[in-house]
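Here's a quick briefing to read with the model open beside you. It goes strand by strand, then on to a helix, a loop and the cores.

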Amino acid sequence: MPNFGIQFLLLALFALVLSACQEEFLPAQVEAPHPLVVEGYIEASEELSSPPYVFLTRSFPFFNEVSGEEFDDFFVHDADIRVSNGEVEVRLVELCFDDLTEEQLDLAENFLGRELDSLGINLCVYLDPTFTILGEEGQTYDLVVEAEGERLTATTSIPRQVSLDSVFFVEPPGEPRDTLAQLRVILDDPPEDNFYRYFVSVDGGEFMRDDFSVFNDRLFADERLEFPLNRPLESGENFDLSTFGLFRRGTDMTLKFVFLDEAHHQFWETLEFASANQGPFSSYTRIASNVEGGLGIWGGLAATYYDRAVPEE
């Protein structure tokens, strides 16, 4: 957590005193039914395009504390989930990771890019085990979810991407630091509206995202641009201004650079803004969603992977 300083602490104490003289405010919808939440993706990549996969859960009350055991109960089972590319429709099959062997779990972690056994929950996902539909650039995909008497729909598209011109490391700005390097890229932005996201893996680890991993080309449309990309903080790593965003020399890095459609971009843009805009005086941010009848995201992405060694010198 960031250090907000003495002034912020005094303001917070002042607000606490004022709140003691007021009645507690509870949002009107706190006891309302909790809608279904979709998190689903389909990826196009020269390395390995993915079939569609969907996590389906129930939302839970904002003021509730939820344990790992209780979180398992929020997964929605026995749903009818279908994906169509306009020519072929497939029905996704539910798979829970407590039912997998260790070898199958390793394959699932590689596929999803997540370390599943460290989550402490029985993660369940709906996917197409036949690989009948794969992510393809320029393609549109419709999603239909029917569960517990409800019907959700969403549509996403996978943009056509342009490879980065260059991916390289330079000396960081400021005082010389011979153990660290800054990642920079050069992008020739296509003329149409474009929406980007990136992830980073270090030494073969899990792909991580920066707190501001999405951006668009409204300020540099149809231009050639060089800019830095931060190394995201690893799990449990404390923020250090002197090393923030920089890579340790001698490590290996994989950059996952992604093109999104506008709706997919807006979901992550609003979610990351809400995550960064926290505190007692922050304003409420409504998370954008392309899911009709529920919450969440059904997102297509076109990804390119760049492997680079961070130079020793």
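Strand 11 has 8 of its 8 residues buried, so the rest of the structure largely encloses it. Buried here means under 20% relative accessible area, exposed means over 50%, and partly exposed is in between (1.4 Å probe, protein chains only). Strands (E, at least two residues) and helices (H or I, at least four) are DSSP runs, numbered from the N terminus. Keep in mind that this is a predicted model: local features need pLDDT of at least 70, side-chain atom pairs count only at pLDDT 80 or more, and totals for chains, interfaces and linings use all residues. Residues are numbered from 1 along each chain as its sequence is written, and side-chain values use heavy atoms, with hydrogens and water left out.

**Strand 11 and its partners**
- Both faces of strand 11 are covered, with F195, R197, F199 and S201 buried on one side and Y196, Y198, V200 and V202 buried on the other.
- Strand 11 pairs with strand 12 in the antiparallel sense over 3 bridges; two strands count as paired if DSSP finds at least two bridges between them.
- In that pairing, F195 sits opposite N216 of strand 12.
- Strand 11 also runs antiparallel to strand 15, joined by 8 bridges, and here Y198 faces F257 of strand 15.

- R218 belongs to the loop between strand 12 and strand 13 (224–229).
- With a relative accessible area of 54%, R218 is exposed.
- Leaving out residues up to four places away in sequence, R218 touches F195 and E262 (contact is heavy atoms within 4.5 Å).
- R218 and N194 are 24 residues apart along the chain, and their C-alpha atoms are separated by 8.3 Å.

**Helix 4**
- Helix 4 covers residues 262–276, and its end C-alpha atoms are 21 Å apart, which agrees with the 21 Å that its 15 residues should span at 1.5 Å a residue; the expected span is 1.5 Å times one less than the number of residues.
- H264, H265, F267, W268, T270 and E272 are buried in helix 4.
- The cover over those buried residues includes strand 1 (36–45), strand 11 (195–202), strand 12 (214–216), strand 15 (252–260) and strand 17 (295–309).

- An open sheet of 5 strands has the order 4-3-7-8-16, with antiparallel pairing.
- Strand 4 (89–91) and strand 16 (291–292) are at the edges with a single partner strand each, so one side of each has no neighbour in the sheet.
- Strand 7 (residues 140–147) and strand 8 (residues 150–157) pair antiparallel over 8 bridges, with A147 opposite E150.
- T156 is in strand 8 and is buried, at a relative accessible area of 1%.
- The side chains of T156 and D261 make a polar contact of 3.3 Å (a pair of N or O atoms within 3.5 Å; within protein, one must be able to donate a hydrogen and the other to accept it, and residues adjacent in sequence count only if both atoms are side-chain atoms).
- A polar atom of the T156 side chain also lies 2.8 Å from the backbone nitrogen of G300.

**Nonpolar cores**
- The largest nonpolar core has 47 residues, and those with the most contacts inside it are L56, I81, M253 and L255; a core is a set of buried Ala, Val, Leu, Ile, Met, Phe, Trp, Tyr and Cys residues joined through side-chain atoms within 4.5 Å.
- Apart from that one lies another core, of 23 residues, including L100, F199, I297 and L301.
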